[in-house]
Amino acid sequence: MPSVVIVGAGIGGLSAAIGLHRAGWRVRVLERAEEFAPVGAGITLWPNALRALRALGVELDADGAGVGGVRTRSGRWLARWRWSELERLAGGPLTAVSRARLHGALLDALFDAVPAGAIRLGTTVTEVPEADLVVAADGIDSALRARLFPELPAPVANGTTTWRGIAPVPRSGVPGWSNSWAGAREFGIVPLGRERVYWFAAMPAPPGETHDDERAFVAEHFGDWHEPIPELIATTETVLHLDIRHLATLPASYVAGRVALLGDAAHAMPPNLGQGGGMAIEDALTLAAALADTGDDVPAALARYDRERRPRTAAVAGEAARLSRLMSIGHPAVTAVRDTATRLLPASLMLRSIARWSRWPAPSLPG
Ligand SMILES: Cc1cc2nc3c(=O)[nH]c(=O)nc-3n(C[C@H](O)[C@H](O)[C@H](O)COP(=O)(O)OP(=O)(O)OC[C@H]3O[C@@H](n4cnc5c(N)ncnc54)[C@H](O)[C@@H]3O)c2cc1C
C-alpha cells in the first residue's frame, strides 16, 4: 500500500486523510497542536462544500434559515431574499455549523476507517517528511510552502480585523442570516440550527492591535446596532479576535515533486465569500479522486490535481480579495453608492454573484 503523510489536521488535512484512505493509501497525519480544540466559531458550508463532504462520506444536515439579507446598522433591510431563492441560485442546500461540529464529523469519519495512532498530535513539521506522497495542509503560515517556494511572498494583512463568537438564540427567536453594514464596518448573523447563533464583526484596523477586553471593544463599536446584535455580543462566552490575512500571490504550482499543497497552505483567501474551508474540502476530494483514478502514477495524479484546482481556487481567492477590498473602503461616498446599489438592484443579482462558486460537480471516490 502506498503511504501518504498529511501535515496538518485542520479541515483540509482531515478531509484529505479520509479521501486518501478511501483511495487505497496508508495515511498518517502529523499535527502541531497537542490536542484538538477547534476555535469557538461557526463556518458556512455552501453546496459545493456539502457535496464534497458527502462524497467523502461525511453528512451534515442543512436546515434552511427562512430569510436572509443585508441591513443597515439600524436594521433597515437593503436587500432581502428567501432561503429557497438562495438555494436555487446556489444549486443546492447550504448550511452553517460550529467548527467543533465539522471537526468532530471529520474525525469520526476518519477514526471509523483508520487506527487512532494514524494521527500524531504535538508534532511540528519543518522538513518534507519521507513518504510516497506528502500533503501540506498546514494552513496559511505553511512551513512546507515556505520551504518549497521560498520566493513566494508571505501572507499579508489586508487591514481588516474580525471578532467571532457563538451565542445562545436571542429572546426574539432564531434570527435569519443577515449581514449589516455601516461604512466599512460589518456584522454578520448566522443561525446554527435552532439553538445557537454564530456571529462575526469586522472593521478596518491596523494589524497587530489587540484590546484587554475584546468583547467590551466589540460592544463599544457595535453595541448600539439593531437587535439582536447587542444581545448576541452580551451573551457570548468567548469572543475570538483575528486580523484577516491572505496569500496575495499564489504559488506557481500546487505541486512540488511528491508534495501537494492543499487548503489555506495553497490559497489562503479573505473570508468574504465563506469559501476558504469549502475549497480545502474540494482540494482534498479532487486529490483523492485523481489518485484513485491514476493508480500508482502519482506524478500524473498530482499534475491533474494542480490543473484542476489552481484555476478555480485562484478565481475564488481573487473574487474574495476584491470583495474584501470593496468592503474595507470606508469613504462615505463609496459606501453610499454600495448601499444604494444593494437597495435598488434585484437581490438575485447579488445572490447570483456570491453563489456562483457553489455549482461545482464533486468527483466520486471508489467504495
Ligand atoms: C474569520 C474567518 C471566517 C471564515 N469563514 C469561513 C466560512 O464561513 N466558510 C468557509 O468555508 N471558510 C471560512 N473561512 C476559511 C477557513 O477557515 C479556512 O479556509 C480553513 O480553515 C482552511 O483549512 P486548512 O485545513 O487548509 O487550514 P487550517 O485550518 O489552518 O489547518 C492547518 C492545520 O495545520 C496545523 N499546522 C500548522 N503548521 C504545522 C506544522 N508545521 N506542522 C504540523 N502541523 C501544522 C495547524 O495546527 C492546523 O491544525 C474563514 C476564515 C476566517 C479567518
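## A guided tour of the sheet and the cores

Begin with the turn between β11 and β12: these strands form a hairpin with three residues between them, and Gly-193 in the turn has a positive phi of about 60°. Strands (E, at least two residues) and helices (H or I, at least four) are DSSP runs numbered from the N terminus. The model is predicted, so local features need pLDDT of at least 70 and side-chain atom pairs count only at pLDDT 80 or more, while totals for chains, interfaces and linings use all residues. Residues are numbered from 1 along each chain as its sequence is written, and side-chain values use heavy atoms, with hydrogens and water left out.

**The hairpins**

Select β11 (residues 185–192) and β12 (residues 196–204), which run antiparallel and are joined by seven bridges; two strands count as paired if DSSP finds at least two bridges between them. Leu-192 stands opposite Arg-196 in β12. Of the eight residues of β11, seven are buried, where buried means under 20% relative accessible area with a 1.4 Å probe and protein chains only.

Now display the open sheet of seven strands, in the order β5-β4-β10-β11-β12-β9-β13 and with mixed pairing. The edges are β5 (77–82) and β13 (240–246); each has a single partner strand, so one side of each is left without a neighbour in the sheet. On average, neighbouring strands are turned by 15° against each other, direction ignored.

Arg-164 stands opposite Leu-240 in β13.

Angles run from 0 to 180 degrees between N-to-C directions, with axes fitted to C-alpha atoms, for helices over the stretch in contact.

**The cores**

Finally, select the largest nonpolar core, of 68 residues, in which Ile-6, Leu-20, Leu-45, Leu-53, Leu-102 and Val-135 touch the most other members. Such a core is a set of buried Ala, Val, Leu, Ile, Met, Phe, Trp, Tyr and Cys residues joined through side-chain atoms within 4.5 Å. Helix α9 (residues 276–294) gives the most to this core, with eight residues. A second, separate core of 22 residues includes Ala-90, Leu-192, Tyr-198 and Leu-351.

Notes:
Buried < 20%, exposed > 50% of the residue type's maximum accessible area, 1.4 Å probe, protein only.
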